[in-house]
Amino acid sequence: MEDNSRSKNRREFIQSGMRLSLALALGSVSGLALSKVVKDEYVWQIDPFECTQCGRCATECVMTPSAVKCVHAYDLCGYCDLCGGYFKPDANQLSTAAENQLCPTAAIERRFIEEPYFEYIINEDLCIGCAKCVEGCTAFGNGSLHLQIIHDICLNCNECAIARVCPSNAIKRVKAENSYLIKGDFSKEQES
Amino acid sequence: MIKKMKLIFFLFTVFYLFSTGISAQQQRFPKPEFESGYEQPSTITPEPRALALEYFDVLVLLVVLSLATWLALKKRSRQGILWLSVFTLIYFGFYRNGCICSIGAIQNVTLSFADPGYAISLTALLFFILPLAFTLFFGRTFCAGACPLGAIQDLVIFKPLSLPKWLNKTLGIIPYIYLSLAVLFAATGTDFIICRYDPFVGIFRMDAKFHMVVLGISFLLMGMFVARPYCRFFCPYGVLLSWMSRFSRWHLTITPARCIQCKLCTNSCPFDAIDFPTNEKEVVKSGLGPKKFLTYALLIPLWMIMGIFAGERSHTWLSKANQDVYLAELLISNPEMKNDPDNIDVQTFLASGKTMETLVQEAEVIRRKFYFGSMIAGGFIGLVVGMTLLNTVVFRKRQDFEPHKGNCVSCGRCMDYCPVEK
């Protein structure tokens, strides 16, 4: 009987010793991580100056259609009649006819403002984030059309599925309070 | 008119080609001054989920964990745990879309140690620590009630089969391998494989790639007969939880008072996590003894050396999962790929102006990390294999039917079978 209780004591001693060391290990891991912890939440966002419009945003996002959409920085827009983001390079006419449009889902609305200016508005419900218009606008225009991750659609995955395959590493973690890198005001920020 | 347009386009193209890099972001066309009183719309930027809601998730986790613990240890109610896991499935699964989760948080913690530029968010850290701390005191109540992945598998258990012991032990090594790979890939900044190959997240989101849907559904189908296959044979967080649970202070017990050896609970556990009383006669017959124990203990360093060797051998192959290493390797072995206009990665690299030397240098740094990382991972897996074997020859005296503290997920099924009153 005494032998039994002794072995039981030994077992309990080992148990509590192990428990203590595991608690210490957990404590030190969390302590070390705490030294680097931030209170802000991070979200994913595309740096438009690094984006190469490869088109993967349309296909790699876990959402269908993608949480990446084209946004329009109106401050930068030239309101061109011949919009490189709206028309195919070999367009027959500068009209809203479907065969002239670059966008595969006709998500860009073109509206006449005054001679010779036209306004372009993105219909985000139709946009799939393929970046065809962004490519055209960056190549021929001011680059006012660019891709951004829209945060009421984005699930904020632990690791962004697009960031993993982004060829230019343009998708980064940014603080949730500045969750957009819109070209106009963003470029001002960079200069200062 | 059309000709003129084409000419303009041509000029722009030429202009573009000559001016990339210098004036790519320059305003080519000035902002118009409108006369018709047109007002510029502003760019719409919907805000991300509020920070307060993220902290609310932590609070929900804390409440669910406490409730699961209370239900398993104090109230001893299987019914309660069942309903709690339904809530978890709805909240953390279908409402929060399976992200944020404690299993994936392993990678955030790893990355925060490995990458000085990465700051871990408080919510991710708490999701990692809270369940482990609870488990250290109360056993794996997290698995029973607070894990959406566990909940969805627990609900589909239909006719659980008892697996033979050797199969249980062998498959039980997979989580250790998965954990080492996940830590290795996260530490080298390559990939978060736990999140990418989470079989149920596609079901929670009702949207996933085809192969992930197939994986998720096959896990659920398998789960009808092999209870909780992901938890037992894949979950990397389960490894950490089982370490904690083995030495937990208070753990769920099958009987509220004294075991009367009625054997009613023996078939109640779908996870083969009930240890039977030891039959000393059988132990003597099987020839377990100090001699065998010593041999197996001495074999552990050998297993570890084998693991380190295997890690060293496979580090080149493993490192190819990293995009930079892959690209550098591709361009060295197939230089003709540079002329392939369809390879987006190669074309982007060439257009970025980065030299081949910098790319190779960066790739070498990452490969070096893989070299040490794979050896550590290999050694760890070797240790696990050795310890698993050693465990098979260790004889522990047991008089009653007890839950195996490491493997028991505290689901509480066995408690319903116990006829003993408090």
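Visitor: At what angle do helix α3 and helix α7 of chain B pack?

Guide: Two packed helices are described by the angle between their axes and the distance between the axes. In this predicted model, α3 (residues 78–95) and α7 (residues 148–155) of chain B pack at about 125 degrees. Their axes lie 8 Å apart. That angle makes α3(B) oblique to α7(B). The crossing of α3(B) past α7(B) is left-handed.

Visitor: Which residues of α3(B) and α7(B) meet?

Guide: From α3(B), look for B:R78, B:L82, B:S85, B:V86, B:T88, B:L89, B:F92 and B:G93. They meet B:P148, B:A151, B:I152, B:D154 and B:L155 of α7(B). By class, this contact has eight nonpolar, three polar and two charged residues.

Visitor: Now α2 and α5 of chain B. How do their axes cross?

Guide: Read the angle and the distance again. The axes of α2 (residues 51–75) and α5 (residues 122–138) of chain B cross at roughly 10 degrees and come within 10 Å. Angles under 35 degrees count as roughly parallel, so α2(B) is roughly parallel to α5(B).

Visitor: What classes of residue make the contact of α2(B) with α5(B)?

Guide: The α2(B) side includes B:Y55, B:L61 and B:L65. Among those on the α5(B) side are B:L126, B:F127 and B:F134. The contact has 13 nonpolar, three polar and two charged residues.

Visitor: What is the mean pLDDT of chain B?

Guide: The mean is 89, and 92% of the residues of chain B reach 70 or more. Over residues 13–25 of chain B, the pLDDT is below 50. That stretch has nine contacts in the model beyond near neighbours in sequence.

Methods:
Residues are numbered from 1 along each chain as its sequence is written. Chains are lettered from A and ligands numbered from 1 in the order in which they are written. This is a predicted model: local features need pLDDT of at least 70, side-chain atom pairs count only at pLDDT 80 or more; totals for chains, interfaces and linings use all residues. Side-chain values use heavy atoms; hydrogens and water are left out. Axes are lines fitted to C-alpha atoms, for helices over the stretch in contact, and angles run from 0 to 180 degrees between N-to-C directions. Helices (H or I, at least four residues) and strands (E, at least two) are DSSP runs, numbered from the N terminus. Angles under 35 degrees count as roughly parallel, over 145 as roughly antiparallel, 65 to 115 as roughly perpendicular and the rest as oblique. A crossing is left-handed if the near helix is turned anticlockwise from the far one by less than a right angle, and right-handed if clockwise. Contact means heavy atoms within 4.5 Å. Ala, Val, Leu, Ile, Met, Phe, Trp, Tyr, Cys and Pro count as nonpolar, Asp, Glu, Lys and Arg as charged, and the others, Gly among them, as polar. pLDDT is the predictor's confidence in each residue, from 0 to 100.
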